[in-house]
Amino acid sequence: MFSPPAPFSEVHTLPELLAARISLTPDAEAYRQFDVSSGRWLSMTWSEVGQRVMRWRDGLAAQQLPRGARVAILLPNGIDAMTMDQATLALGGVPVPLHAIDNPASIAYILADCQASVLVVQQRSQWEAIAATGATLPALRAVVVVGNWQGPDAVAGLPTEGVPVVPLAMWLAVSMPSAHLSGPSGDDLAAIVYTSGTTGKPKGVMLTHANVVANVMQVMARVRPTPEDRFLSFLPLSHTFERTAGYYLPIASGSCVAYARSVAELSEDLLTQRPTVLISVPRIYERVHAKLQEALGTTGLKARLMALTQSIGWRRFRAAQDLPLEPGDAHRWYDRALWPVLQAVLARPVLARFGGQVRVAVSGGAPLPPAIARAFLGLGLPLLQGYGMTETSPVVAVNGLDDNDPACVGRALDGVRVRIGENRELQVAGPSVMKGYWARPEDTARVLSADGWMSTGDQAEIIDGRIYIRGRIKEIIVTSTGEKIPPVDLELAICSDGLFEQAFVVGENKPFIGAVVVLNRAEWQRMAASLDLNPLDETNLAHPKARQAALARMAAATTHFPRYAQPRAVVLSLEPWTIENTMMTPTLKLKRLNLQARFEAELSAMYGPR
């Protein structure tokens with residue numbers, strides 16, 4: 001049975017976890033963040049983190065919120081987001097992390113649903129956009145602006161006029177000593193994390209301190225980070241994967257976290273910060289792989305040498321893991337002789353793109369394409385695939401450095417129980433399984449049994465203790481960045497605009513959502529005329545102006561969806577999908593596989609090299 005490391009055996013809450021870390025290594029480096037004004041990376045020790053959290057906790061205490069009050073955090077990854085999260089937790093409040101680039105309507109829905117008392121934003125313009133949606137937010141007491149402040153202290157003339165909107169410095173100036181206030185218990189909520197399910201409206205997953213602390217300790221036992229490790233944080237802190245594995249886990253291990261400046265600058269940050277632990281979604285590995293392929297091409301000596309390097313490295317990896325060699329992949333007599341040269345000339349320069357010091361790279365949030373796993377494992381990147389979901393805090397299983405089969409998602413973590421239920425569905429139980437969905441008892445009862453078994457919606461096999469994911473029961477699209485989108489609801493929203501007669505959205509394991517739509521001919525003629533396009537010339541359906549206009553209409557029709565769920569590319573058609581042309585079932589549902597095959601060329605072009 002799993003037991004936490006000795007220093008944390010009495011830790012039951014996240015504030016206790018942070019306090020234990022500060023006590024153990026007060027002067028060690030905790031965080032790095034790039035300071036734009038000075039143009040350099042600044043560092044903070046664990047002791048300094050504690051002092052900063054205490055100051056923000058005192059500022060929040062002045063609000064005199066009841067225990068369990070929700071504090072919504074709409075901030076980019078960084079020390080400010082971490083500090084507000086910890087300050088909220090220390091007072092027994094419940095952080096509600098929001099995606100920093102989500103659309104205002106989606107954020108307004110979450111604020112209303114969780115009845116947030118305080119909203120913390122980076123820029124005042126973010127609040128103005130939320131207020132402009134007209135959402136009714138009676139529970140909201142204050143909006144705190146962390147970034148540069150411009151304009152008056154209140155937002156005038158907007159639907160939520162009267163909510164105090166204050167800059168951070170002013171908010172912190174009105175504080176109340178809070179050290180004497182009691183913290184949370186293990187059964188109290190540590191977060192409400194919103195995730196899309198089978199309806200268009202996101203559901204709030206309630207995770208307790210006991211849930212998250214248990215998962216942190218379980219992951220630490222499997223991945224084994226150390227105080228000498230350095231994490232590079234670039235996934236949104238609104239994702240439970242990053243919260244647990246990229247934020248709370250380094251607190252437990254005493255590792256330093258460097259906050260990447262942006263995804264656009266990630267390549268440079270990898271080189272300068274040289275992380276030893278990477279917590280990522282497949283999309284990051286896909287990008288590096290795509291750039292590598294682009295540089296090498298598909299023919300020529302360099303491409304052949306890289307393919308040879310990966311093949312030899314793959315055979316070496318499988319032998320080291322005691323995995324059977326694949327058909328036609330028996331050891332070649334030249335493997336041992338060529339590997340040192342190929343490793344030095346080709347493999348190491350590729351790994352240098354990750355900083356050159358990665359000792360463990362974890363991929364989660366979405367399936368890792370086998371070709372990507374083979375390529376990087378063959379080059380020597382210690383890449384571990386895992387599996388989880390927000391409802392399980394989130395990690396259920398992950399491979400280990402000495403027990404790594406990339407065809408599976410690893411073995412269940414110590415203390416996590418798994419079984420196969422009806423329809424080959426993977427079910428999970430254990431201390432990291434959520435308390436339920438916020439204010440949705442019926443939805444909770446549908447996935448969480450009375451005896452604590454969580455239905456994942458994924459089909460799986462368990463072979464010799466390893467979990468192999470075989471498919472998805474629920475019809476949910478999971479992008480390569482780990483976002484989950486219900487396609488049927490999105491398609492219905494798109495077709496609420498009269499321009500679109502039918503819609504088919506795609507994006508499984510892709511970096512963004514795309515759509516194929518059938519246009520209403522009369523509406524197409526009007527739109528084409530407004531764009532100075534000839535509607536009778538069907539080649540104009542592929543004209544950039546037509547596609548951009550259609551995407552704008554889709555955005556307007558799907559404003560209540562998160563931004564990541566809104567299509568970013570579209571294929572326009574005038575040919576209806578019918579039962580007769582095999583694109584619809586007799587019950588008038590889309591035949592998705594048939595549509596995928598019908599538009600294979602267009603979809604390949606949509607998701608071409610980027």
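**Close-up views of a predicted model**

**View 1. Arg318 sits in helix 11 (residues 301-320).** Helices here are DSSP runs of H or I with at least four residues, numbered from the N terminus. The model is predicted: local features need pLDDT of at least 70, side-chain atom pairs count only at pLDDT 80 or more, and totals for chains, interfaces and linings use all residues. Residues are numbered from 1 along each chain as its sequence is written, and side-chain values use heavy atoms, with hydrogens and water left out. Arg318 has a relative accessible area of 9% and is therefore buried (under 20%; exposed is over 50%, partly exposed in between; 1.4 Å probe, protein chains only). Neighbours within four places in sequence aside, Arg318 contacts Leu323, Pro324, Leu325 and Glu326. Contact means heavy atoms within 4.5 Å.

**View 2. Helix 1 (residues 14-24) crosses helix 8 (residues 240-253) at roughly 40 degrees.** Their axes come within 8 Å. Axes are lines fitted to C-alpha atoms over the stretch in contact, and angles run from 0 to 180 degrees between N-to-C directions. Helix 1 and helix 8 are therefore oblique to each other (under 35 degrees is roughly parallel, over 145 roughly antiparallel, 65 to 115 roughly perpendicular, the rest oblique). The crossing is left-handed: the near helix is turned anticlockwise from the far one by less than a right angle, whereas clockwise counts as right-handed. Helix 1 brings Leu14, Leu17, Leu18 and Arg21; helix 8 brings Tyr248, Ile251, Ala252 and Ser253. Six of the residues in this contact are nonpolar, one is polar and one is charged (nonpolar: Ala, Val, Leu, Ile, Met, Phe, Trp, Tyr, Cys and Pro; charged: Asp, Glu, Lys and Arg; polar: the others, Gly among them).

**View 3. Helix 2 (residues 46-61) packs on helix 3 (residues 79-90) at about 60 degrees.** The axes lie 8 Å apart. That angle makes helix 2 oblique to helix 3. The crossing is right-handed. Helix 2 contributes Val49, Arg52, Val53, Trp56, Arg57 and Leu60. Among the helix 3 partners are Ile79, Asp80, Met82 and Gln86. By class, the contact of helix 2 with helix 3 holds nine nonpolar, three polar and three charged residues.

**View 4. The largest nonpolar core has 117 residues.** Such a core is a set of buried Ala, Val, Leu, Ile, Met, Phe, Trp, Tyr and Cys residues joined through side-chain atoms within 4.5 Å. Tyr31, Tyr285, Phe376 and Leu381 have the most contacts inside the largest core. Neighbours within four places in sequence aside, Tyr31 touches residues including Trp46, Val49, Ile79, Met82 and Ile251. Another core, of 29 residues, lies apart from the largest one and includes Leu499, Val505, Trp524 and Leu551.

Definitions and conventions:
Helix = DSSP H or I, 4+ residues; strand = E, 2+ residues; numbered from the N terminus.
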